[in-house]
Amino acid sequence: MGQVTTSTGIGRGEGTGFGSGWISGVLAVTFAALAGGGVLCLLFPWLLTTPDARGHYPLGIVRFLIHAFLVAGFGLGTLSVLLRRSRTLGVTALALTTVATLLGGSGAAVGAVESGPGYVGLDWFLLNVLVLALLFVPLERLFARLPSQPIFRPGWQTDLAHFAASHLLVQVTVLLTLAPAALFFAWAVRPGLQQAVQSQPLVAQLVAIVIVADLAQYAVHRAFHRVPWLWRFHEIHHSARAMDWLASSRLHLLDIVVTRGLSFVPLYVLGFSAPAVYAYLVFVSFHAVFIHANVRFRFRPIEWLVVTPRFHHWHHAAAPEAVDRNFAVHLPVIDRLFGTSYFPDGRWPDAYGLAGLPVPDGWLRQLVRPFTARTPGVH
Ligand SMILES: [Zn+2]
Ligand SMILES: [Zn+2]
């Protein structure tokens, strides 16, 4: 699992290797937090779950997972307390499992499900953390581009907070993504054109969505780099000095809704079928995370066809020659067409982030920074 630097606040002064109680402690807190979140979703579904998903959860599996995570959290927490001098991790896990159990544990009764005007997507957050961590943590351990980079590298708390905020606020981000297209571009809709688009095979629609969405995303992304007041929002994403799956979440909320909202406009106007749009959303949610991951795969035969981690890592590179390059997130050919490609053969960047480190760590600081920073955003 590697060495953790002291700036992470975890493992300060004590080892993090096997037998130190650190691995068991981190796993215990993770399991206990997931179980606790699951119990809260059972108790308060009207407030903490996504209305569209509420009725579809297999309750038997959810309860089994909560039970398994509670047992694992308690067992590993105890192990960590026994092994480790600093008992913070172990005691935190034991406290969380105790509270979750007192609240009913895996047998907690499902609360009323009447919808209120708003909700928090705790279920959406827990599900994404679970699936993405299960997928990417082993992948990054087995095929690391930088094997010495630990899972809990500096800045991970900030990125996890960005991840949590964008998922918990899913109601707001989805609304702000979809509403502007219908509100401002209804005039551009041509029923005949939409019917022609929808009558195409699903795969053809999916390919067309990737092309159209990335062309729109390219334009918006490039504007975020070139327009100084927009750059103040987007520089948050580029302040990441370590690339991994979690770094993909480091995005200002305004960056998220403006980029997604404008990229959605051509999809709305062209009227792609719902299954094609959903298939694209599944693809993009994994692909966007993957291209940030700390993995050494090169996909040499298709590197010029589809954006790979190496291509997007160069977008984050600190080297001056890579600044304002590789805006595409799906199709590198767009950057070649517009003369903004930088993709040296076989090499990876030496360092990531912004020269001069202008952006401080911390979710709230990064959220308010574009509105308060006195120095004009320059890039
Ligand atoms: Zn960028
Ligand atoms: Zn990125």
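A pocket is an open set of points, on a 1 Å grid over the protein atoms alone, where a 1.4 Å probe fits and which has protein on both sides within 12 Å along at least five of seven lines; lining residues have an atom within 4 Å of a point. In this predicted model, local features need pLDDT of at least 70 and side-chain atom pairs count only at pLDDT 80 or more, while totals for linings use all residues. Residues are numbered from 1 along each chain as its sequence is written.

The second largest pocket holds about 890 Å³, a volume being the space filled by probe spheres set on the points. Its lining comprises 29 residues, with V26, T30, V129, A133 and F152 closest to the centre. Helices (DSSP runs of H or I, at least four residues) are numbered from the N terminus. α1 (22–43), α6 (122–142) and α7 (156–168) each supply at least two lining residues, and α6 gives the most, with ten.

The zinc ion (ligand 1) is coordinated through NE2 of H221, H225, H234, H238 and H315 at 2.1 to 2.2 Å (donors are N, O and S atoms within 2.8 Å of the metal). H221 lies in α10 (residues 202–226) and H315 in α14 (residues 309–315), 94 residues apart. Both H221 and H315 are buried (under 20% relative accessible area, 1.4 Å probe, protein chains only; exposed means over 50%).

In α16 (residues 363–372), Q366, R369 and P370 are buried. These residues fall within an arc of 85° seen down the helix axis, so they line one face of α16; the arc is taken from the directions from the axis to the C-beta atoms. The face turned away carries the exposed residues L364, R365, F371 and T372.

Methods
Chains are lettered from A and ligands numbered from 1 in the order in which they are written. Side-chain values use heavy atoms; hydrogens and water are left out. Donors are N, O and S atoms within 2.8 Å of the metal (3.2 Å for Na, K and Ca); water is not among the atoms, so sites may look incomplete.
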